[in-house]
Amino acid sequence: MAFKDIIGQENALNILKGLIAKGRVPHALLFAGEEGIGKKLAAINFAKALNCRGKVKGIDSCGACPSCVKINKLLKPETLITAGEGDDNLKEKIYMSHPDTALILPYKNEIRIKIIRTLEEHLSYKPFEGNYKIAIIDNSDEMNNETSNAFLSTLEAPAAKSIIILVSSKPGILLPTIRSRCQQVFFSPLPLKKMEELLREKVKGLDDEKLFLLSAVSGGRIGYAITEGLIEKRDSLLEKFLLMTGNPGKEIWEEREEMEEWFEWCQLWLRDIAVLKASGGTGLLINRDKREEMEGLASGASLKNIIELSEGLNKIKRVLDRNLNIAITVNHTSMLMRKMLGRQNVRDN
Amino acid sequence: MKLRIEKEELQKALQNIQGVVDKKTTMPILSHFMLKADKAAFIMATDLEIALKGPITAEIIEKGSLCIPARKLFEIVKEVEGGILLESQENNWLRISAGKSTFKLMGLPEEEYPALPEIGKTEELNIDAGLLRNMIEKTVYATGDSDTRYTLNGLLLHLIPAKKTTELKLVGTDGHRLAIISSKLASPLSSEMKLILPKKGAMELKRILETSSGTITVHLEKNHIFFTIGDIVLTSRLIEGNYPNYDQVIPKDNEKQVIIDKVTCLKALRRTSIMSREKTNAVRFDVEQGKITLISINPDIGEAREEIAAQYKGESISIGYNARYLMDAIQAMDGETIRFEIQEPLSPTLLVEAAGEGAMCVIMPMRV
Amino acid sequence: MSYIVLARKWRPQSFDDLTGQETVATTFINAIKRDKIVHAYLFSGPRGVGKTSTARILSKALNCTARQEGEPCGKCDNCKAITAGSYVDVFEIDGASNTGVDDVRELREAVKYAPSSGKYKVYIIDEVHMLSTQAFNALLKTLEEPPPHVIFIFATTEPKKIPATILSRCQHHSFRKIPKEKIKGQLKKIIEAEGINIQDMPLDMIARAADGSMRDALTLLDQASSFSENVTEKDLQVLLGLPETEMIKSLSAAILGGDINKTLTIIKDQADRGYDLRTLTRELLEHFRNLAIIKAAEDADSLLDFSAEETEEMRRECCNVGIEPLTLILNELLRLDGEVRSALNPRYILELGLLKISFVKGMTSINEVLKALEKADGGEVKEEKPSAEKKKAEAQPLTIEDAGQVPDVCAPEAGKAEVFEKESLWNSLVAHFDIQDHLLACKLAEAKAVELTERELVIGFNGGMSLLSDSITQNARAIEDILKKLSGRRLRLKIIPLPSKKTEQAQGISKEKLMAEPLIQSAIKILNSSILEVRALEKNGNSSESQK
């Protein structure tokens with residue numbers, strides 16, 4: 001496993017390889033981009049390349065020397081017993097399988113100051129066996145305000161031979177004072193063509209329409225695209241969407257999570273219906289294999305209504321975490337949908 | 001890997017490393033130690049700050065290596081008798097047989113253990129164990145403790161080469177006091193070096209030196225320092241960064257020189273500081289011709305005064321100190337008398353052993 | 001050796017070195033020269049503009065043994081140690097880890113010790129606003145009676161969070177964002193010293209992206225020079241993760257032109273290629289913000305930091321759109337930006353949002369909104385095109401082809417052009433102003449030439465345009481001058497309102513009645529707004545387009 005095994009991300013990887021080649025690796029980097037597109041993977045491979053002891057020439061890591069073998073374990077951190085178990089004070093996980101490389105993950109969506117202190121201690125020594133002491137902080141936007149501010153001076157000027165890599169899918173949330181101190185490397189979602197190629201290899205038995213569907217729906221995120229049962233999920237949630245225009249029972253969603261997901265997916269179908277109406281053709285449709293259902297819904301609703309419905313559903317989604325009464329939520333949603341879409345395709349339970 | 005070891009031998013070796021294995025929780029494999037059998041057998045343990053490596057007398061039946069949970073093996077060895085057979089098996093299991101009992105412990109492969117550098121072609125120095133121990137004792141008390149300026153959390157080893165000798169200075173400071181001691185070593189050195197030895201490494205070194213004698217060898221590598229004491233090697237990682245310019249801090253021409261009896265001063269300090277406020281332990285020294293009055297005032301509790309004799313023939317001066325700092329420094333000095341070199345109430349005071357050119361301590365006075 | 005980033009390497013080491021903070025620099029140089037030191041300073045301002053640098057320079061100046069004209073010498077032991085960060089008497093603490101009362105108490109004790117070698121102990125507390133209230137109170141006591149050998153320098157990006165009691169005991173220095181040109185100037189110095197090859201445009205992009213922060217600019221420069229031997233605009237786009245400017249322009253043109261298919265196709269294309277749609281949304285928002293500013297502000301040039309050509313181009317782009325619809329679009333995009341950021345799948349929200357915007361574009365009054373909704377309710381957004389085309393027809397004189405004629409007509413030495421035809425006179429007039437004063441030309445383009453007599457040229461505006469007619473009136477003199485040149489005779493400009501059916505309808509309609517209209521209600525919902533008031537159009541022509 002090395003840089004060359006990462007799919008896509010040409011720009012980002014070129015930037016990283018260039019830094020190593022020129023000997024200009026900055027002490028603080030921010031890997032930014034959508035969730036699930038390979039940022040953490042790149043960070044770990046970057047660490048390997050920097051500390052590799054087995055390569056003869058070239059930039060990429062060898063993958064076989066003891067250093068690479070140790071750092072590779074960070075790819076599956078759950079297999080490492082971590083600090084945190086048995087240590088009440090350190091709930092955030094610090095994974096270290098190599099004495100000079102640490103991976104930090106938030107605990108319950110928070111990263112507290114204590115971690116930074118531990119990290120600073122780790123960085124205050126000279127390297128143990130590697131060329132650099134490296135710290136990777138995943139979901140770094142989950143550093144709370146206190147932690148972020150405490151981190152500033154270390155991020156500005158850490159001890160020599162330290163490299164701090166912040167990884168974030170929401171870089172806008174990080175304090176500007178934090179971003180200012182890091183060289184940002186942008187990671188982008190996988191292009192459609194590459195995604196289709198990848199899916200064709202990894203997932204068997206998909207026809208062209210389904211292949212396209214997965215690729216488009218994944219938004220370029222590999223991890224998401226190969227999730228088990230994604231198409232079945234789409235089918236099931238779409239069915240419930242259609243049921244909503246009729247008289248759904250309050251048991252329509254099996255659990256909270258499903259309800260939240262349903263609201264997310266609604267935007268996809270509404271988008272398809274809107275696009276059908278606006279462009280007058282099916283060329284831009286994503287749910288191509290459900291053309292008929294989409295057309296049916298499109299015929300009965302106005303563009304204005306579709307947009308209003310989208311906003312209405314979004315409003316409901318935003319307040320979902322306030323422990324709403326499910327029955328009322330179902331009723332309200334259903335009413336809204338009937339009003340906006342008309343009673344097409346009514347499927348009564 | 002397969003070897004046979006006597007219980008006492010193994011127990012002693014494991015006892016020695018317990019201090020090193022337990023501490024760190026950030027890297028789980030560190031709760032293991034490494035046992036390696038090649039031409040000879042040795043064990044090694046590290047907590048990423050210091051590492052101990054020592055030989056172990058064993059009958060090597062088959063070469064190999066394995067990382068073994070330290071605590072558990074220690075407990076097992078304690079309860080068994082006689083010779084112990086250690087045998088590595090598939091998937092890194094360790095089979096322990098002693099008498100009629102067998103145990104199996106889950107181990108880890110050598111590649112997963114932090115790889116310490118070997119002592120290769122590095123600079124080498126020789127120093128007497130007793131001397132080094134003494135030097136550490138006289139300086140380590142003044143180092144910082146979890147200071148955010150991490151370079152202060154260790155001892156500076158400043159090595160200055162001369163023609164055929166090397167001067168070694170050890171410095172410890174926390175910003176408010178600075179202890180320094182210097183010796184000449186017979187070994188030559190190619191160039192000047194400044195290394196910062198972490199406090200923990202210094203303390204562990206001192207502990208080992210307490211039961212050692214003779215000459216020890218010091219090897220200096222770019223990220224680590226190795227101390228070979230007998231057949232044990234203590235390795236310490238070095239702290240990254242620039243140590244403050246200590247020479248700047250040492251006052252050179254303090255005019256007022258006061259000589260006091262060490263023990264008397266210490267006792268007086270102990271007594272008067274009873275009244276000082278907890279954190280600062282502030283004590284005022286009213287220095288006059290022939291005597292010093294120690295005063296401590298705590299408006300909430302009370303006050304203390306004590307007069308001690310002193311050799312001094314100058315202007316009177318009042319100067320405040322942290323009593324704790326004074327006591328630390330005085331205790332670290334040899335001889336019967338101490339010399340205080342004072343300038344102003346707010347300029348650094350120098351404490352020196354009146355007798356020889358031994359340890360020195362610079363103390364920053366306080367406002368009282 | 002570890003690589004030291006440019007931002008660290010090029011940290012200013014003297015007051016003179018500071019970029020863009022001349023006031024602060026001068027103040028301190030004078031203060032040091034005259035030995036006018038106070039015991040507590042507060043430096044406030046955004047990130048990367050010089051607060052910490054100034055604090056360190058001040059620490060050096062205070063303890064330097066060989067001060068020169070108010071500046072630290074940089075060569076004495078104290079200066080060198082402070083620069084290396086190893087001087088024991090200068091403490092840099094962060095307010096976030098030392099927020100508690102206990103930490104401040106410890107600080108107050110530590111402060112009692114004399115400095116070890118220099119004159120002063122300096123405590124630099126960064127992001128001091130993070131201190132808790134109790135901690136501030138504890139600090140207050142020390143600030144009230146500061147030991148003479150101690151200096152506090154507080155730095156913060158959020159001065160509002162500092163209690164007034166502390167503020168009043170500090171000498172407050174405000175650090176501003178550094179102007180783009182100054183940043184660029186410093187960058188030019190550095191690229192020469194470092195031997196970095198970078199063209200002017202990408203250097204400009206870096207200075208702009210830095211948004212007033214020198215550190216941001218240096219971090220970007222570092223990255224750019226590591227990325228390429230000869231840094232180009234394209235390189236910066238890759239580094240900054242920006243969508244191509246051409247694409248944003250096409251997209252914005254498609255949106256303004258009401259071309260739904262094109263809009264959706266561009267989004268699909270970007271998504272398929274793997275471009276980040278969140279960044280795209282933000283860039284689109286930024287672009288429309290610029291357009292709105294250009295539309296609304298008199299001296300947009302100074303507000304925006306673009307070149308004259310770029311500003312011209314943007315003016316041309318939004319020529320056909322009124323300020324009101326532009327503002328509505330901007331509002332929508334603002335909302336969209338926030339939603340897209342938190343959505344799991346930004347694409348659908350973006351597409352739906354852009355579809356919604358297509359309702360907004362091209363409208364200048366509630367009546368237009370109603371008209372559009374009426375038509376759109378059938379479901380076909382294509383209906384929108386007629387009004388867009390109508391607008392294009394009215395704006396005819398602005399086409400570039402006309403500009404070709406102008407030099408002949410406008411050149412002062414040219415002989416009298418015998419143009420008597422009403423339309424051609426009008427066209428020429430507008431074309432002339434297209435070059436001289438594009439904004440005026442846009443406004444003129446909204447009008448129709450009604451009548452040309454011996455003495456006057458009568459032009460008329462449709463119902464809701466009197467705002468424009470006012471502006472034209474203000475420029476009447478200039479217009480009349482040109483008319484004279486063009487026509488060869490003295491003409492007066494007369495502006496009349498053109499009656500429209502909508503005006504008659506709008507008369508006598510009360511707010512309540514209007515509110516009752518289902519179409520109005522839909523309009524209100526879609527635009528997320530409310531009716532402030534209803535005014536008859538003929539009076540001042542401004543439709544009461546209310547905002548949120």
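Domain bounds here come from an automatic or database domain assignment. On this basis, chain B of the predicted model is divided into three parts: domain 1 covers 2-112, domain 2 covers 123-248, and domain 3 covers 250-363. The passage below concerns the interface between domain 2 and domain 3 of chain B.

The centres of domain 2 of chain B and domain 3 of chain B, taken over C-alpha atoms, are 28 Å apart. Contact between the two involves 14 residues of domain 2 of chain B and 14 residues of domain 3 of chain B. Together the two domains bury about 1,200 Å², with 51% of this area on carbon and sulfur atoms. On the side of domain 2 of chain B, the residues that lose the most area to domain 3 of chain B are B:Lys138, B:Tyr141 and B:Arg177, which together account for 45% of what that side buries.

Four salt bridges are counted between domain 2 of chain B and domain 3 of chain B. A salt bridge also joins the side chains of B:Lys252 and B:Asp247, at 3.8 Å from N to O. Between domain 2 of chain B and domain 3 of chain B, nine residue pairs are in polar contact, both residues at pLDDT 80 or more.

In chain B, helix H3 (129-137), strand S13 (177-185) and helix H5 (246-249) each supply at least two residues of the side of domain 2 that touches domain 3. S13(B) gives the most to this side, with five residues. By class, the side of domain 2 of chain B that touches domain 3 of chain B comprises six nonpolar, three polar and five charged residues.

Note on methods. Residues are numbered from 1 along each chain as its sequence is written. Chains are lettered from A and ligands numbered from 1 in the order in which they are written. This is a predicted model: local features need pLDDT of at least 70, side-chain atom pairs count only at pLDDT 80 or more; totals for chains, interfaces and linings use all residues. Side-chain values use heavy atoms; hydrogens and water are left out. Contact means heavy atoms within 4.5 Å. Buried area is the accessible area (1.4 Å probe) that two parts lose on being put together, summed over both. A polar contact is a pair of N or O atoms within 3.5 Å; within protein, one must be able to donate a hydrogen and the other to accept it, and residues adjacent in sequence count only if both atoms are side-chain atoms. Helices (H or I, at least four residues) and strands (E, at least two) are DSSP runs, numbered from the N terminus. Ala, Val, Leu, Ile, Met, Phe, Trp, Tyr, Cys and Pro count as nonpolar, Asp, Glu, Lys and Arg as charged, and the others, Gly among them, as polar.
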